[in-house]
Amino acid sequence: MQKLFTWASKWWPGLIPLAVMWGFAAWNNTLPVEADLSARSSAALKDTVLDKTRIAVDGRDVSLAADAFSEEGRRDAVMAVELVPGVRLVDDRTRLVPEAKPFVWNAERDVVRVTLSGSAPLPSMKARLTEAARKELGGVEVADQMGLARGAPPRFEAAAMLLLDQIGKLKDGKITISDTKVNLSGMARELGGREAIAAALKNLPEGFSIAANEIKAPPYIFQAYKDPVAATVTLTGYVPDNNVHAAIATSASRKFFGEKVVDNLKASIGAPASFNPAVVAALGALSRLSTGTLVVSDREVKLSGDALYEGAANDIRAGLGKDFPKTWQYKPEITVKPAPGPVDGTVCQQLFSELLGKGKIRFAAKRADIDPDSAGILDHLIETALRCPNANIEVAGHTDADGEDSFNQALSEKRAQAVIDYLVKAGLPASRFSAVGYGATQPVAGNDTDDGKAQNRRIEFLVR
């Protein structure tokens, strides 16, 4: 026995390297097997819908952890791994994605980005919604803060895609789906945007409905700027339709003399009631200013600039608001242009002639009532008369040759006197003016054309 022990004590240390070599060989053979099973298990799951999938292999045993989006999908995933050749046992660690009650999805737009939040039902759908937002908004940052959850209503993706089409029409705002109810709030980017969104919402998928639509239209803005240096009046903003557009453009061309009307107006829905008469009246006031800016925003009118003399400033401040409906607000910021220096009679005559060469004083047909469109040129004539306080001025009336001579003579005298009455009302002394009518006796053009007749119907200022 002692001999056996002595003999064993001599050979058992040799078993240690043999055991190490066997373990190394077993481990070295196991690694390729585990890697192969891991790869084939992953391949078996390629047609399943999972999130956060993790596969661990120990020998021929596979541990599968993943978030599934249905009980059926979870079972199919486990079975797919179990059927992989070589797999002995599957440790099922899968779980269902939590269900959202209610199922809420949001698209919110601010100045710099659109944020998608709430829940999406599948990873692929989450990616499609994000991509659709980027495509719709073209360069605007899209922040994806969506999570994944079960519980989406049927046709959720179609509803969300339609609503993403509307987010581009917003300047800012938020669109929410809560189960099958849709809520919208914010400001449309352009006029007509609110109406376009409302029309699109009629195509929501079956089962979805609008719980609240609080999209607001942007202010309906019309602007006009009078620039005496460039001799232009620039119209920008919106008008209700082409007919109103034409009427306003025509009115501007009559009211502003010596200035080119630059028409940049666009037609759009959303104009307040009484838009046309209010804008025409406001343009009349702007025509009386040396330089000025008119802004009509919804039912509020802001007019700022320099009147040509103090009386005109007071008249504009007091009178313009009367031309607006009672629901409109009027904010005048009228100052007075510094008075230009005095001139002698020769220069005064030259200034009168230049003004009346650019525009004309208009009257009602066959009457002596001064057309309100002539307020601008009359104010400029008054400013000039104030510069030559010692000059006596003849206001001469002329008509075309239509009608009886006696009627034309009387009409020319009445029109000349109507102009003087306007000047006196503005503060000029009546003693400086005399009204003379010449009827049709001093034509400056032929009376055989409408254009020639229009040139003959005129008022002249003559320094005597």
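**Exercise 1. The hairpin of strand 12**

Task: Determine which strands form a hairpin with four residues between them, and which residue in the turn has a positive phi.

Solution. Step 1: strand 12 and strand 13 form this hairpin, with four residues between them. Step 2: in the turn, A231 has a positive phi of about 55°. Helices (H or I, at least four residues) and strands (E, at least two) are DSSP runs numbered from the N terminus.

The model is predicted: local features need pLDDT of at least 70, side-chain atom pairs count only at pLDDT 80 or more, and totals for chains, interfaces and linings use all residues. Residues are numbered from 1 along each chain as its sequence is written, and side-chain values use heavy atoms, with hydrogens and water left out.

**Exercise 2. The partners of strand 12**

Task: State how many bridges join strand 12 to strand 13 and how many join strand 12 to strand 15, and name a residue that stands opposite Q223.

Solution. Step 1: strand 12 and strand 13 (residues 232-239) run antiparallel and are joined by six bridges; two strands pair if DSSP finds at least two bridges between them. Step 2: Q223 stands opposite T236 in strand 13. Step 3: six bridges also join strand 12 (residues 221-227) to strand 15 (residues 289-297), and these strands run antiparallel. Step 4: F222 has V296 of strand 15 opposite it.

**Exercise 3. Salt bridges**

Task: State how many salt bridges a search of the whole structure finds, and examine the pairs of D379, K337 and K302.

Solution. Step 1: the search finds 27 salt bridges, each a side-chain nitrogen of Lys or Arg within 4 Å of a carboxyl oxygen of Asp or Glu. Step 2: D379 and R288 meet through their side chains at 2.6 Å, N to O. D379 belongs to helix 11 (residues 375-387) and R288 to the loop between helix 8 (275-287) and strand 15, so this pair ties together parts that are 91 residues apart in sequence. D379 is buried at 0% relative accessibility, and R288 is buried at 10%.

Step 1: K337 and E383 form a salt bridge of 3.3 Å, N to O. The pair links distant parts of the chain, 46 residues apart: K337 is in the loop between strand 17 (329-336) and helix 10 (345-358), and E383 is in helix 11. K337 is partly exposed at 28%, whereas E383 is buried at 11%.

Step 2: K302 and E300 meet in a salt bridge of 3.8 Å, N to O. Here K302 is partly exposed at 39%, and E300 is buried at 19%. Step 5: a network of salt bridges links E71, R74, R75 and D92.

**Exercise 4. Aromatic pairs**

Task: Classify the pair of F103 and F156 by its geometry, then do so for F352 and F461.

Solution. Step 1: the structure holds eight aromatic pairs. Rings of Phe, Tyr and Trp (its six-membered ring) pair if their centres lie within 6.5 Å; planes under 30 degrees apart count as stacked, over 60 as edge-to-face and the rest as tilted. Step 2: the ring centres of F103 and F156 are 5.3 Å apart and the planes stand at 80°, so the pair is edge-to-face. This pair links distant parts of the chain, 53 residues apart, with F103 in the loop between strand 4 (95-96) and strand 5 (104-109) and F156 in helix 5 (residues 156-167). F103 is buried at 0%, as is F156 at 2%.

Step 1: F352 and F461 form a tilted pair, 5.0 Å centre to centre with 50° between the planes. F352 lies in helix 10 and F461 in strand 20 (residues 458-463), so the pair ties together parts that are 109 residues apart in sequence. Both residues, F352 and F461, are buried.

Note on methods
Buried means under 20% relative accessible area, exposed over 50%, partly exposed in between (1.4 Å probe, protein chains only).
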